[in-house]
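Me: I would like to learn how to read a structure feature by feature. Could you take me through one?

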Amino acid sequence: MGMAKLRVGGSWSGVLEVDLDDWSVGMLREEVANRSNCGGGPQCINLICAGRVLKDGDGSEKLSQLGVKNNAKILASKVSTDQDGKSVKEEFLAEEERAKRISRLKASATNLASRHADGSLPVEDFNLELENQSGEKVKLGSETDQRALMMGLMLHANAKALMRREQYRDALEVLTMGEEAFSLCDPKLIEMVDNVSILQIDMVWCYLMLRDISWLSVAGIRLAKAREGIERAHGKESSRLRVLQGGRYPELALYLRIELLEGVVAYHSGQLQKSKDALISARARYFQLQIPDETLSLLMSMGYKEDESKRALRMNLDVASAIDFLIEEKEKKARKREEDIRRQKEIKELKGYGVTPLKKSVDLQKLNELISIGFEKEIVAEALRRNENDIQKALDDLTNPETNAVIQDVIISRKRKRSRRAENHASSGSDSASGS
């Protein structure tokens, strides 16, 4: 494998060029400890790669044998004896357990994303969809795009839950995994939405909450990327988003967060005027988001809940517009409930058709396409199932009298088996009831 570059973050940030076939974990730990000016020596540094703690072992294993690859991301965290007398070993064990939990989380997200992408679970089972700022569904690209995007979204959602519980270090590691997942997507797909930009802001928020000054330079870069991505998705000064949202202001809280963080980072970087400008703007947005008690009480007296009333008032400039928004949202929710019920029926129906030889569900769009030209639904479903959803092969089977007859025999046989199973189940149920 030879020479490789490792991207290190945490107690020291930078790039190390190492020989993966020659360097051990101990050597890497010592190098990071020296560069981070860790007074406690190598033992005060923990190294985490791909969600697991790198252990020294007997010192003979090299980085390449441990699965460390070129351009791998290494998180270096300091471990020391605290005021309560907690030992370095205890800290290390706690860090190892945390790394295991994060690794399990990543494995779960990867597994779920894979099941969606390969068709073994219809996406509608979990209602995982991506929408642009106008609420339109974004068509996902290749299977790799689907898996990467779904995993990124799920990891981001898990990280947000950790942030709400103030577990910022854990959240930061999960966000890093989410960022890595998003990086595997087609850039054109990512540019259509603001999810990656929001993830960048969440990462910097974690830096702030951890009060770790070593992340300062990285924080500035992340915020610059976030602002660029938001402007690309929302338009200059949110012009595109404003048009799509009917003149509403759904992004105020997002800009408040990014400007607050930009002000803090600029201040600690010695850019005092830039810091002042950002914080003044953030302060103005903060006051813009404040809601008078009387207007909130008015909406709540009309039967709306406090949370939805606050959201409506923050997104709209006046009470009348807020009420219109709440009515629209109610209608939208009703339509979504109807859509969800329809989807659940479709999912149940698709499961009844079985899965393809490669364990994928029948493609609903192709099913409807062939039904629209006059073929019976059950026969079309079986033709698609046996041909791995290849619409041309399925059409060939449907128009060939011999294969069409075979498909019909398969359907009849399947129905007979189901009928016998139902009869046996009913019979066993009645026997047990009479026996009792």
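The dialogue below goes from the whole chain to single residues.

Me: What should I know before I start?
Reply: This is a predicted model, so local features need pLDDT of at least 70, side-chain atom pairs count only at pLDDT 80 or more, and totals for chains, interfaces and linings use all residues. Residues are numbered from 1 along each chain as its sequence is written, and side-chain values use heavy atoms, with hydrogens and water left out.

Me: How many helices and strands are in the protein chain?
Reply: Helices (H or I, at least four residues) and strands (E, at least two) are DSSP runs, numbered from the N terminus. The protein chain has 17 helices and five strands.

Me: What percentage of the residues count as buried?
Reply: Buried means under 20% relative accessible area, exposed over 50%, and partly exposed in between (1.4 Å probe, protein chains only). Of the 436 residues here, 39% count as buried.

Me: Which residues touch the most other members of the largest nonpolar core?
Reply: A nonpolar core is a set of buried Ala, Val, Leu, Ile, Met, Phe, Trp, Tyr and Cys residues joined through side-chain atoms within 4.5 Å. The largest one has 40 residues, and Leu-175, Ile-201, Cys-206, Tyr-207 and Ile-258 touch the most other members. Elements giving two or more residues to this core include helix H4 (168–183), helix H6 (195–210) and helix H9 (252–268). A second, separate core has 23 residues, among them Val-25, Leu-63, Leu-66 and Ala-72.

Me: What is Ile-201 in contact with, leaving aside its neighbours within four places in sequence?
Reply: Contact means heavy atoms within 4.5 Å. With those neighbours set aside, Ile-201 is in contact with Ala-226, Ile-230, Leu-254, Arg-257, Ile-258 and Leu-261.

Me: Is H6 mostly covered or mostly uncovered?
Reply: H6 is mostly covered, with 12 of its 16 residues buried. Ile-201, Cys-206 and Tyr-207 are among the buried ones.

Me: How far apart are the end C-alpha atoms of H6?
Reply: The expected span of a helix is 1.5 Å times one less than its number of residues. For the 16 residues of H6 that should be 22 Å; the end C-alpha atoms are 23 Å apart, which agrees.

Me: How many aromatic pairs does the structure hold?
Reply: Rings of Phe, Tyr and Trp (its six-membered ring) pair if their centres lie within 6.5 Å; planes under 30 degrees apart count as stacked, over 60 as edge-to-face and the rest as tilted. The structure holds two such pairs. Tyr-207 and Trp-215 have ring centres 4.7 Å apart and planes at 5°, so they are stacked. Both Tyr-207 and Trp-215 are buried. Tyr-286 and Phe-287 are edge-to-face, at 5.6 Å centre to centre with 70° between the planes. Tyr-286 is partly exposed, with a relative accessible area of 43%.

Me: Which residue lies over the face of Trp-205?
Reply: A charge sits over a ring if NZ of Lys or CZ of Arg is within 6 Å of the ring centre and within 35 degrees of the ring normal. Arg-257 lies over Trp-205, at 5.3 Å from the ring centre.

Me: Where is Glu-166 found?
Reply: Most residues other than glycine have a negative phi. Glu-166 is not a glycine, yet its phi is positive, about 65°. Glu-166 is in the loop between H3 and H4. Glu-166 is exposed, with a relative accessible area of 61%.

Me: Is Asn-389 buried or exposed?
Reply: Asn-389 is buried, with a relative accessible area of 8%. Asn-389 also has a positive phi of about 65°. Its loop runs between helix H15 (377–386) and helix H16 (391–399).
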